[in-house]
Amino acid sequence: MVTWRLLQRLMRSQVAVAATAAGGEQPWAPARLLWLPAAGAAAGAGPIPRPQPRAGVADWKEVLTETAKVLQCGRVVAVPTDTIYGITCLAQNSEAIRRIYEIKGRNEDKPLAICVGNVEDIYKYCNVTVSDQVLRDLLPGPVTLVFQRSDELNKDLNPFTDLVGVRIPKHPFIQKLAQMCGEPLALTSANLSSQSSTLTSEEFRDLWPLLGLVVDGGPIGNMNPECRLGSTVVNLGTPGKYSIIRPGCAFDATVEILQDKHGLSLQSYN
């Protein structure tokens with residue numbers, strides 16, 4: 001059930017939209033649901049039996065184009081990732097970032113990660129302290145790497161810290177979406193703050209009225225509790241060192257790459 005606090009926000013948003021429309025601008029439409037065709041269907045392997053979408057599209061390109069258009073209008077959209085469902089907006093859009101916090105009921109001192117489409121993009125928004133091979137061994141994948149942020153990143157994104165977590169999920173849709181937008185996406189889990197992460201779009205249905213678009217890529221993982229852990233978050237801000245901020249779903253593999261393959265040592269705070 002939508003909480004009263006969220007209903008109040010939604011009503012305030014609708015009032016603001018109506019006022020904007022009265023000034024001559026086009027009001028925002030309510031959230032729509034787009035089914036993301038399975039990879040086989042996109043490649044021409046035949047239709048996938050799924051429920052009829054409310055707004056159908058023929059292929060991935062159309063879904064990507066529509067999603068990028070909604071993001072560029074300053075809206076927040078829900079997307080599948082390689083770990084859980086997330087909500088995202090353009091990281092360089094300060095108003096859209098504020099809207100993410102409102103939608104989730106999230107404390108403003110909790111940071112948002114960014115998602116980029118290519119490893120090369122990380123260097124633009126982060127001060128990288130590891131080799132390029134470390135980045136490519138970990139990404140794309142279920143890992144969030146935390147570095148010192150660069151001056152290119154919107155100062156209204158996590159203004160309380162000089163660190164930022166960066167992701168390249170191992171999911172072709174969000175990778176291509178970030179590439180199409182040409183700038184980083186602010187990314188967080190598609191749920192109310194402090195509630196469980198979501199593996200299907202139905203699990204965060206209460207948020208739909210607050211979103212510009214919901215991209216449904218089907219269930220993520222096998223619905224076991226372990227699938228809800230989210231990405232492994234590792235701090236790489238100190239050269240030659242690493243520390244685990246959140247174990248997540250790829251802890252063992254991440255430590256093996258950092259420590260055994262590349263010789264980074266666990267940072268001690270004693």
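This is a predicted model: local features need pLDDT of at least 70, side-chain atom pairs count only at pLDDT 80 or more; totals for chains, interfaces and linings use all residues.
**Partners of E9.** Next I looked up the pairing. Strand E1 (residues 32-35) runs parallel to E9, with 4 bridges. Within that pairing, I found Leu33 bridged to Val214. Strand E2 (residues 77-80) also pairs with E9 in the parallel sense, over 2 bridges. There, Val77 stands opposite Leu213.

**Thr200.** I then turned to the loop between strand E8 (185-189) and strand E9 (213-216), where Thr200 is found. Is Thr200 buried or exposed? I noted a relative accessible area of 17%. The cut-off for buried is under 20%, so Thr200 counts as buried. I listed its contacts too, leaving out residues up to four places away in sequence: Thr200 touches Tyr85, Pro219 and Met223.

**H3 against H7.** The axes of H3 (residues 60-72) and H7 (residues 172-181) come within 10 Å and cross at roughly 55°. That angle makes H3 oblique to H7. The crossing is right-handed. I went through the residues that meet. From H3 they include Trp60, Val63, Leu64 and Leu71. From H7 they include Phe173, Lys176, Leu177 and Met180. By class, I logged 10 nonpolar, 3 polar and 1 charged residues in the contact of H3 with H7.

Key. Residues are numbered from 1 along each chain as its sequence is written. Side-chain values use heavy atoms; hydrogens and water are left out. Buried means under 20% relative accessible area, exposed over 50%, partly exposed in between (1.4 Å probe, protein chains only). Contact means heavy atoms within 4.5 Å. Axes are lines fitted to C-alpha atoms, for helices over the stretch in contact, and angles run from 0 to 180 degrees between N-to-C directions. Angles under 35 degrees count as roughly parallel, over 145 as roughly antiparallel, 65 to 115 as roughly perpendicular and the rest as oblique. A crossing is left-handed if the near helix is turned anticlockwise from the far one by less than a right angle, and right-handed if clockwise. Ala, Val, Leu, Ile, Met, Phe, Trp, Tyr, Cys and Pro count as nonpolar, Asp, Glu, Lys and Arg as charged, and the others, Gly among them, as polar. Two strands pair if DSSP finds at least two bridges between them.
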